[in-house]
Amino acid sequence: MKKSSFVEGTLIATFAIIFTKILGMLYVIPFYAMVGVKGSALYAYAYSIYNIFLDISSAGLPIAMSKIIGEYNTLGMMDAKVRAFHIGKRIMVFLGTAIFIFLMVFAPQIASIMLGDLQGGNTVADVALAIRTVSFSILIVPFLSVTKGYLQGHKIINISSFSQVIEQIVRIAVILLGTYIVLNVFGKGVTLAVSISLLGAFLGGCVAYGFIKYKMHKDDSPELSLETPSTKDDISNKEIVKKIFSYAIPFIIINIVSSCYNFIDLTLLIRTLNHLDLGAELVEFASSSVSTYAPKINMIVASIAMGMSTSLIPTMVIAYTNNDWKEVNNKFNQALEILLFISLPMVFGISLLSSSIWSIFYGYNMNGTYILALNIFTGLLINVYMITSSALQGLNRFKIVYLCTITGFVCNALLDVPYMLLFSKIGIPPFLGAVSASITGYSVSIIIALICLKKECKLKYRDMFNTLLKNLVPLIGMILVVVLLKWLIPINYYSRLSCILYVAIISIAGAIVYGIISYKMNLFEKILGKSTSQRLLKKLTLGKLK
């Protein structure tokens, strides 16, 4: 299996995640059309709970395992490395089984907490069935996570990235085929169709896990062998368990808090909008859009940081283990530079084209347009938040992780209802208050993290800020082109084909302008490095530009 450099690993993981997220965005079009607002809301309820408990059972394990494996591999501790992997799998058996049983038993109580007094939409029984169905995924996904972490710790990014693509394809096939068969072949209701579709995550995980195990079985590299070496390392299983939890818990907390952002927004949205007498249909539309359907489009932006952290953490751990602080500083700044260089044009482009993009996926809806136009900036902040928190964890600054993460979450929870009531008073759609509260919460977390990294780890951001200032030039050029073309090109928001052509033409024009100005300003080479930028430009221009 081929190892990847930091930038190469970042690009492989990012492209794989972006591809899976694009698939995740596209399947929503036929799925939403089949199940409607009520079915979409039911799907959102189940996944908001599933994501929290999935984070408890597995969120921290891939990165924690990659960190431990990378550390032991660098130190030549092969026995400890193999034992850490097997211990991680045993921990997963216990956690996955316990959480599965919990969700199966307490699904009605969880559903009741979520819905509150809402009448006229999904029932407690509907939501409980959906939660129980999706909980089967927790029996397989944690094992997949541990195995991915083992490969990532060896800087083998491509196999785990390919497995994500396979997992997503299988999951979407089950969702669409299952929903269609239940509704159109057997003539059953939306609740059963959504419940069947939720099994897609379990089946996709099974196939992806089988793919990774097959690839590992074919590889004969002694470095990847899971056989216990004859030479024993002077480290006990107890120490390994302690290290796994010490590395995993911060990641778990971060992911739980991120999922809780959606859960809190969803729960408070339902109650506040219901208090404002906006009607059950609008309440379920706004709550599912803010918690699930706008974030699905956001994920194409947020996936950049996911791919980057996959490669960033093992790289920073190795530099930190070798006490190479210059390399730590360079990699952190490079990660932020790449992140902002790619994310900023995507965020502003999606926000400016929010009406047509929402129409493509869900049909024209002015409220959906407002939600997406603002919510996409949450995706940008999540990116920066993930990179800063990943850096803190890679440098073992766990207390700071807890501080910035929990402080941001508390800000979001405290501001949700006041923002919504304030927006309602001044004539702004109140559901945008929940989005604004999330933006405030993530901003607070990022500011605290950057200040602490500078004070405790002596990291410097001057180069990153200089690059960001230069990056504003192509960004402004792109925005001007997009705004001009929006004014010149006619659009029928009720025609999906018209919206697709509209978005495609303006997006391509904006990307070309952004790329040309960036190239002229030498930003590709500055951010990606000379060799990587030359290879990338050669591929993008079919060899015409070097």
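Modeller: Helices here are DSSP runs of H or I with at least four residues, and strands are E runs of at least two, numbered from the N terminus. The model is predicted, so local features need pLDDT of at least 70 and side-chain atom pairs count only at pLDDT 80 or more, whereas totals for chains, interfaces and linings use all residues. Residues are numbered from 1 along each chain as its sequence is written, and side-chain values use heavy atoms, without hydrogens and water.

Biologist: Which helix supplies the largest share of the lining of the second largest cavity?

Modeller: The helix is α17, with four residues. Both α12 (325-352) and α17 (462-488) supply at least two residues of this lining.

Biologist: What makes this space a cavity, and which residues line the second largest cavity?

Modeller: On a 1 Å grid over the protein atoms alone, a cavity is a set of points where a 1.4 Å probe fits but cannot get out, and lining residues have an atom within 4 Å of a point. The lining of the second largest cavity consists of E337, L340, F341, M464, T467, L468, N471 and I527. Its volume (the space filled by probe spheres set on points joined across faces, edges and corners) is about 40 Å³. Four cavities of 30 Å³ or more are counted by this rule.

Biologist: How does that lining divide by class?

Modeller: Five of its residues are nonpolar, two are polar and one is charged. Ala, Val, Leu, Ile, Met, Phe, Trp, Tyr, Cys and Pro count as nonpolar, Asp, Glu, Lys and Arg as charged, and the others, Gly among them, as polar.

Biologist: Why are α4 and α5 called oblique to each other?

Modeller: The axes of α4 (residues 78-115) and α5 (residues 124-134) come within 8 Å and cross at roughly 135 degrees. Axes are lines fitted to C-alpha atoms, for helices over the stretch in contact, and angles run from 0 to 180 degrees between N-to-C directions. Angles under 35 degrees count as roughly parallel, over 145 as roughly antiparallel, 65 to 115 as roughly perpendicular and the rest as oblique. The pair is therefore oblique.

Biologist: Which residues of α13 and α14 meet?

Modeller: With contact meaning heavy atoms within 4.5 Å, S354, S355, I357 and W358 in α13 meet G368, T369, L372 and A373 in α14. This contact has four nonpolar, four polar and no charged residues.

Note on methods. 1 Å grid on protein atoms, 1.4 Å probe; cavity = no way out; pocket = protein on both sides within 12 Å on 5 of 7 lines; lining within 4 Å.
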